[in-house]
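Me: I am new to this structure. Can you walk me through how to read its features?

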Amino acid sequence: MTTFKSDFLNVLSERGFIHQCTDAEALDTLASAGPITGYIGYDATASSLHAGHLVQIMMLYWLQKTGNKPIVLMGGGTTKVGDPTFKDTQRPLLTDEQIQSNMDGIKSVFTNFLTFGAAETDAIMVNNNDWLSGFGYIEFLRNFGTHFTINRMLTFDSVKLRLEREQPMTFLEFNYMLMQAVDFRELNSKYDCVLQMGGSDQWGNIINGVELTRRINNKAAFGLTTPLLTTSSGAKMGKTLGGAVWLNADALSPYDYWQYWRNTEDADVGRFLRLFTALPMAEVARLEALQGAEINEAKKILADEATRMVHGQEAAAIARDTAQKAFEQGVLSADLPTVQIEDAVLAEGIMLAALATRIGLTASNGEARRLAQGGGLRVNDVAITDGNQLITKADLNTDGVIKVSQGKKKIVLVRPV
């Protein structure tokens, strides 16, 4: 691990955030001399960010915690184009109203991680539509187009890999990297922002912004990326059988969010504690060293801390209490995930495999049958090994629900409507 002079880069390094950095020595010198300003951009393609965004959000968190100023850049303008990076097709074009609605949903999560205000190191949130929509087409091309060559743009992975897969890229998408580069230059001009951060897939776009800012503004500019993050089994971070692990409570309950972290693979516990919590490194090392069944305590602490940072202390405590009562004491709670099934369906009966898939415990009926054969599916705490067995209204318990569980990891309550 590289040792830096600045607290900011030292924290990022020891916790595993740094993948690539432009002129790390110069950035370190600048950051050690006083507060710097850095930013990360978020396009508003959905009404909530998901767990895959957390690494970047935590970088903004540590940027501020080490005495620097973070900028959250909302992509009100770039969302109108769509980032083509590692995508085979153009993203759906959203209306201004849809983009604004998505931004309204996204903004709230940052208040849990950052302190906003007018002080020197308080965070600010800005919208790139404020300047991108103000450029005339000819003005944009004359001011910035001359600083990019088609030859070089074709070498960036976001373009090259798309073309190698023989997937068309629209001219609209081709302009995205110019727009992102202009964002950095604009933030550098207005707020003396010297650092753009993002995932490793954004390296090419970030480099463009660094070079444009240095060339036009003749000022310092740096880029820093995080490693591509997957679980130890190779799964994409922030995805489950049920879909994305959303950060907004109205998209994913705090209980489900807590469970996502509780079910972390053993090999990922230490890495995730470093990246997704603010626990001291000594405590991370202690938890990471736990073996056997004790590793489950580390997972619960990971779930507690990750949920606390996104949803607050009270929601994290309720989620843990709900899980403990459901899995360790067999007590059902209104906070458990509940799926409504038509009364007529339960009156006729539905195969366990189909039910497990419908409520999100498994990805397919075939997987559900295999899971059942191995004793991994339970109905009202009774293992059912036949995935074809019909589940009916007769299985409703005294609370008027059917408790369906996958091993000791997931519980879903089925309620007729």
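Reply: Start with the inside. A nonpolar core is a set of buried Ala, Val, Leu, Ile, Met, Phe, Trp, Tyr and Cys residues joined through side-chain atoms within 4.5 Å. Keep in mind that this is a predicted model.

Me: Which residues touch the most other members in the largest nonpolar core?

Reply: That core has 70 residues. Leu54, Phe110, Phe113, Leu195, Met197, Trp261 and Phe276 touch the most other members. Helix H3 (residues 54–65) supplies the largest share of this core, with nine residues. There is also a second, separate core of 30 residues. Among its members are Leu132, Phe156, Ala181 and Leu212.

Me: What is Leu195 in contact with, beyond its neighbours within four places in sequence?

Reply: Its partners come from several parts of the numbering. They include Phe8, Leu27, Ile36, Tyr39, Phe184 and Phe222. Gly38 and Gly223 are also on the list.

Me: Is Ala221 buried or exposed?

Reply: Buried means under 20% relative accessible area. Ala221 has 0% relative accessibility, so it counts as buried. Ala221 sits in the loop between helix H11 (203–217) and strand S6 (222–226). Leaving out residues up to four places away in sequence, Ala221 touches Thr22, Phe184, Val194, Val210, Thr213 and Arg214.

Me: Where is Asn218, and how is its backbone turned?

Reply: Asn218 is in the loop between H11 and S6. Its phi is positive, about 55°, although Asn218 is not a glycine. Asn218 counts as exposed because its relative accessibility is 68%, and exposed means over 50%.

Me: Which loop holds Asp192?

Reply: Asp192 lies in the loop between helix H10 (176–191) and strand S5 (195–199). Asp192 is not a glycine, yet its phi is positive, near 55°. At 44% relative accessibility, Asp192 is partly exposed.

Me: What does the side chain of Asn127 reach?

Reply: Look for N or O atoms within 3.5 Å of each other. Here the side chain of Asn127 reaches the backbone nitrogen of Asn129 at 2.9 Å. Asn127 is in strand S4 (residues 124–127). Asn127 is buried, with a relative accessible area of 17%. Setting aside residues up to four places away in sequence, Asn127 touches Leu73, Met74, Gly75, Gly76, Gly77 and Met103.

Me: Now the outside. Which residues form a nonpolar patch on the surface?

Reply: Tyr137, Ile138 and Phe171 form one. Together they have about 380 Å² of accessible area. Tyr137 belongs to helix H6 (residues 137–144).

Technical notes:
Residues numbered from 1 in each chain as written. Predicted model: local features only at pLDDT ≥ 70, side-chain atom pairs only at ≥ 80, totals over all residues. Heavy atoms only, no water. Helix = DSSP H or I, 4+ residues; strand = E, 2+ residues; numbered from the N terminus. Buried < 20%, exposed > 50% of the residue type's maximum accessible area, 1.4 Å probe, protein only. Polar contact = N/O pair within 3.5 Å; in protein donor to acceptor, adjacent residues only side chain to side chain. Contact = heavy atoms within 4.5 Å. Patch = residues over 30% accessible without salt bridge, like charges linked within 9 Å, V, L, I, M, F, W, Y side chains within 5 Å. Areas by Shrake-Rupley, 256 points an atom, 1.4 Å probe, with all protein chains shown as cover. Salt bridge = Lys/Arg side-chain N within 4 Å of Asp/Glu carboxyl O.
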